[in-house]
Amino acid sequence: MASIDSVIVQEFSMVDPFNTRNVVEGLIYKNNDQYGDLEIHTVNGIECKQYIHTTPKFYYPGFVKSPKAFKEGRFPRYESIKVYEKIDGTNICLFRYKDAEGNEFVSYKTRLVPFLSPKGLSGFIVLWRKVI
């Protein structure tokens, strides 16, 4: 994990479990302002830089350890946003990315990983395939 001017990033190189022909490489952000966002550098070894905004970090109200702060900001450009009630505490984000030829792919991630993983957290890939 690296820190660049208070921006904390971690490099990743991973096979997308929902598009298994794709090896995606880039950075995942771990600082508050970009928490969980992806910066994709290559897909299948070919450069195709793109920035993926994921679920923003919201601070919890009340007497908890999360900072009680509000920061003015703006959402990135979007065509539509769907908001659902978060019941069980798990955040799975659907996102789209493209390869160098412009082919679009849909995948899913939890907050601080680039893609859902078959390991840990009850094997989310198996569970998520049932949901979709």
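F115 is buried, with a relative accessible area of 1%. This comes from a predicted model. F115 forms an aromatic pair with F95. The pair is tilted, with 5.9 Å from centre to centre and 40 degrees between the planes. Two numbers are given because a pair of aromatic rings is described by the distance of the centres and the angle of the planes.

Where do the two partners lie? F95 is in strand β6 (residues 93-98), while F115 is in the loop between β7 and α1, so the pair ties together parts that are 20 residues apart in sequence. F95 is buried too, at 3% relative accessibility. Ring pairs also bring in other residues: F95, Y97, F105 and F115 are linked into a cluster. The whole structure holds six aromatic pairs.

T110 sits in the loop between β7 (104-109) and α1 (124-131). Is T110 buried or exposed? T110 is buried, because its relative accessibility is 12% and the cut-off for buried is under 20%. Leaving out residues up to four places away in sequence, T110 touches N91, I92, L116 and F124.

N44 belongs to another loop, between β4 (38-43) and β5 (46-52). The phi of N44 is near 55 degrees, a positive value in a residue that is not glycine. Most residues other than glycine have a negative phi. N44 is partly exposed, with a relative accessible area of 37%.

The accessibility values are listed here.

| Residue | Relative accessible area | Class |
|---|---|---|
| F115 | 1% | buried |
| F95 | 3% | buried |
| T110 | 12% | buried |
| N44 | 37% | partly exposed |

Definitions and conventions:
Residues are numbered from 1 along each chain as its sequence is written. This is a predicted model: local features need pLDDT of at least 70, side-chain atom pairs count only at pLDDT 80 or more; totals for chains, interfaces and linings use all residues. Side-chain values use heavy atoms; hydrogens and water are left out. Helices (H or I, at least four residues) and strands (E, at least two) are DSSP runs, numbered from the N terminus. Buried means under 20% relative accessible area, exposed over 50%, partly exposed in between (1.4 Å probe, protein chains only). Contact means heavy atoms within 4.5 Å. Rings of Phe, Tyr and Trp (its six-membered ring) pair if their centres lie within 6.5 Å; planes under 30 degrees apart count as stacked, over 60 as edge-to-face and the rest as tilted.
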